[in-house]
Amino acid sequence: MNIKQAKEAIKHAVEVYFSKDETGAYRMAPVRQRPILLMGPPGIGKTQIMEQIARECGIGLVAYTITHHTRQSAVGLPFICEEEYDGRKYSVTEYTMSEIIASIYRKQKESGIREGILFIDEINCVSETLAPTMLQFLQCKMFGNQSVPEGWIIVAAGNPPEYNKSVREFDVVTLDRIKRIDVEADFDVWKEYAYQVGIHSAVLSYLELRKENFYRMENTVDGKMFVTARGWEDLSRLIQVYEKLGKEVDREVAHQYLQHWKTAKDFANYLELYRKYQKEYGLERILAGYYEKDTLERLKFASFDERLSVVNLLVGKMAELFKEEYEMEKFVEGLFAQLCAYKEELQKEGAVPGEVLAAKIQSLRREVEQKKAAGQLTKAEMHRMERILCKLEEYRKAPEFESVKTTFDSEEEQREQMADKTLETLNHCFEFLESAFGESQEMAVFVTELNSNVYSIAFLRENDCAMYYKYNKGLLLDERREEILEQMDAVENVVERGLVED
């Protein structure tokens, strides 16, 4: 299954394992709550989905990469204590608490959450001295003589042997006590995640044309050559920072992340073309609603991958605008909720605006810190909450509600202006594509990408765009998609066009 399906399967297991009857007892006894073993190639997002599951289910998460640990840190350090048996005293070896078990109790103390997931990564790549401990852990849910606390389920992850020489096979006794889920790389699923985290549009555009380069693992005479989803994400972030600093990513830099030389060269060449198209076609002017007849004429006679690159340039820019608008929307909604609560507090007898607002800020800050400790906030949510706190601090300068409301109204006005600007830019994109291609495969790609991005979906649900509804309804996207993919496959075979250079 793909990583999205694996995530749903684990969420279902969490729901079942934590389900309780009317007496408060777990419907499935802890002894029957099998550890989940997530097996799949490296770099496809196994750790990320655990963080998402913990946030979405409102539970804690303690994550360890077990290859970073020794037997002593996993089991605990030995010490000598004295015990009396049949009237005689003996020196007995005991162990301090396992660092991993201690982390669970620490997480409970910091977050106040009593249930959660203990996630152990690379569990089948441990050293020889730690291997028996891992078998005991999966079979008995214990490290040494200490059990995983009740209310915490075990999820482990490992790599199949073809990806790691250090892999140790589990015996049947162990496998018969776990719930195994096998995962494979899937670009279409990863793309949904890519839009959410803001993967560079050049990366997404390239992978639409070269899906077979999304995940590669090859054994050659020079050793392993590979490309992973993690590599693409890290390279994407590097490109974004390089652009801020005025630097360019060349083949050598790409190869540092895409450790498959042919793919690294291919992408670096594509990135150069992508920048060229961005400049020559005047992306910013198109977004503002201005373009020349020469531009349309050139597109009509351009190669298929060039036309798709221009479409994806527009898709990438719109993705940025949709995300910015979404964050602004959520910020204003969160701020409005805080102000509603503030207004309600002010209506109480003896309420002093400055004191009430100060208490509201202090309470919200405590809530944010607790959620942060529990891992219940994404980076975007943490940034949003910090913005709300900063804005509330500004309101303290004039805490009377009418003054606060006036200031908030300006925030709401900015949000509306941003939504209007985003809609206007989207309409400019449609007008350009309609002039250049009409009801075409390129238009189908553009609309399909709008339907693939969680932020564009949210925007279009709240803002009417007549041209989107026209083409979304008029194009048989699934059939068009198959046509596009077939044409992309044909493009793949034409290496003389210069996209790949030796």
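Colleague: Which residues is Trp232 in contact with, leaving aside its neighbours within four places in sequence?

Modeller: They are Trp190, Val203, Tyr206, Leu207, Asn213, Phe214, Val227, Leu258, Thr263 and Phe267. Contact means heavy atoms within 4.5 Å. This is a predicted model, in which local features need pLDDT of at least 70, side-chain atom pairs count only at pLDDT 80 or more, and totals for chains, interfaces and linings use all residues. Residues are numbered from 1 along each chain as its sequence is written, and side-chain values use heavy atoms, with hydrogens and water left out.

Colleague: What makes a set of residues a nonpolar core?

Modeller: The members must be buried Ala, Val, Leu, Ile, Met, Phe, Trp, Tyr or Cys residues, joined through side-chain atoms within 4.5 Å. The largest such core has 94 residues, and Trp232 is among those with the most contacts inside it, along with Ile10, Ile117, Trp190, Phe430 and Phe446. Helix α14 (residues 304-346) gives the largest share of this core, eleven residues.

Colleague: Why is Glu306 called buried?

Modeller: Buried means under 20% relative accessible area, exposed means over 50%, and partly exposed lies in between (1.4 Å probe, protein chains only). Glu306 has 11% relative accessibility, so it counts as buried. Arg298 has a relative accessible area of 31% and is therefore partly exposed. Of the 502 residues of the protein chain, 47% count as buried.

Colleague: How do you know that Glu306 and Arg298 meet in a salt bridge?

Modeller: The rule asks for a side-chain nitrogen of Lys or Arg within 4 Å of a carboxyl oxygen of Asp or Glu. Here the N to O distance is 3.3 Å, so the pair of Glu306 and Arg298 meets the rule. In general, side chains of opposite charge can pair when their charged atoms come close. The count comes to 28 salt bridges. Lys7, Lys11 and Glu56 are linked in a network of them.

Colleague: What makes Glu327 and Arg384 a link between distant parts of the chain?

Modeller: Glu327 lies in helix α14 and Arg384 in helix α16 (residues 379-395), 57 residues apart. Their closest N and O atoms are 3.1 Å apart in a salt bridge. Both Glu327 and Arg384 are buried.

Colleague: How far apart in helix α15 are Glu367 and Lys371?

Modeller: Glu367 and Lys371 are four residues apart in α15 (residues 353-373), about one turn of the helix. Their side chains meet in a salt bridge at 3.2 Å, N to O. Glu367, at 37% relative accessibility, counts as partly exposed, and so does Lys371, with a relative accessible area of 36%.

Colleague: Why are β3 and β4 called a pair?

Modeller: Two strands pair if DSSP finds at least two bridges between them. Eight bridges join β3 (residues 78-85) to β4 (residues 88-95), so the pair meets the rule. The two strands run antiparallel. Cys81 has Val92 as its bridge partner in β4. The two strands form a hairpin with two residues between them, and Asp86 in the turn has a positive phi of about 50°.

Colleague: What counts as a helix or a strand?

Modeller: Both are DSSP runs, numbered from the N terminus: helices are H or I with at least four residues, and strands are E with at least two. The protein chain comes to 21 helices and eleven strands.
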